[in-house]
Amino acid sequence: MTRSRIRRIPLDAAAVLTVLVCLFPVYWMVTTAFKPTRDIQSESPQIVPYTWTLEHFRTAVDSDGFALFWRNSILVTASAVLLALVVALGAAFAVARLRWSGRRQFMLMVFIAQMAPWESLIIPIYIISRDTDMLDRLPTLTLVYFMITLPFTIVVLRGFIGTIPPELEESAQVDGCTRLGAFRRIAFPLLAPGLMATSLFGYITAWNEFAYANFLIIKQQDSRTLPVWLSSFQNTFGTDWGATMAASTLFALPALAIFLVLQRHVTSGFAAGAVKG
């Protein structure tokens, strides 16, 4: 064994340990979803279930509002992500390609907005929504998630546009394209990894968000989303942990599937978006 491999052993061991620590809660959630109730409540936890059941998944799927809350989450998430991509693409292009007064100040405000804890804005957003009669409405959640994801989307797309040589667009303009046409025909196809990276971030943010969904949708139960639905598996006897874990597993599957499909593009998108300022 060479010295370089020996030196890598501690790093490899630390990496494996980190992966195990991160994946164990997910493993526990999934296995608990398949355990019978008696095994879940047993005083001796079972790392590997001896008995498997689909009862908890049937409970989750048959619960009130399952299909409706899925539709609400998909609608809100897709709308917020698409809106953020459209607005951020225009802002990122203006910052990366154009020279105008206040450009640095604009990016500074974007960075400040990105660093701000969005939970601190719940009360102001609630008051504004109440005064404008926008409580208990899905468009309100869509706008909130759009505002949350927009700063990050601008930052990443701006860095990614900066990696594309402007000479490519200038050559297209020499051949007769307008500035917008050159960007659409030359630069935009090269932005696919960046767009996928930012859309995945926006999707995960909007899909998992609970505080605003629970705070802004109070009376209209039919407008709630899946994170709020996950908190419904409780009764006077306590929490139905089997159904809760089954619902959480179903809730996590779309994010996992999208990440696996976009993984290669997401990695290159984040890397490219991080190297240009």
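Let's begin with Phe24, which is partly exposed because its relative accessible area is 40%; here buried means under 20%, exposed over 50%, and partly exposed in between, with a 1.4 Å probe and protein chains only. Before I go on, a word on the model: it is predicted, so local features need pLDDT of at least 70 and side-chain atom pairs count only at pLDDT 80 or more, while totals for chains, interfaces and linings use all residues. Residues are numbered from 1 along each chain as its sequence is written, and side-chain values use heavy atoms, with hydrogens and water left out.

Helices are DSSP runs of H or I with at least four residues, numbered from the N terminus. Tyr27 is partly exposed too, at a relative accessible area of 32%.

Now to the aromatic pairs. Rings of Phe, Tyr and Trp (its six-membered ring) pair if their centres lie within 6.5 Å; planes under 30 degrees apart are stacked, over 60 edge-to-face, and the rest tilted. The count by this rule is 13 aromatic pairs. For Phe24 and Tyr27, the ring centres are 6.3 Å apart and the planes at 35°, so this pair is tilted.

And which kind of pair do Trp207 and Phe251 make? Their centres are 5.6 Å apart with planes at 15°, so they are stacked. Trp207 lies in helix α10 (residues 192–208) and Phe251 in helix α13 (residues 241–275), so the pair ties together parts 44 residues apart in sequence. Both residues are buried. They also belong to a cluster linked by ring pairs, together with Phe66, Trp70, Tyr203 and Trp229.

Ser73 counts as buried because its relative accessibility is 3%. Neighbours within four places in sequence aside, Ser73 is in contact (heavy atoms within 4.5 Å) with Trp207, Thr225, Leu226 and Pro227.

The charged end of Lys35 sits over the ring of Trp28, 4.0 Å from its centre; the rule asks for NZ of Lys or CZ of Arg within 6 Å of the ring centre and within 35 degrees of the ring normal.

Finally, Met109. This residue lies in helix α5 (residues 103–115) and is exposed, with a relative accessible area of 53%.

Notes:
Helix = DSSP H or I, 4+ residues; strand = E, 2+ residues; numbered from the N terminus.
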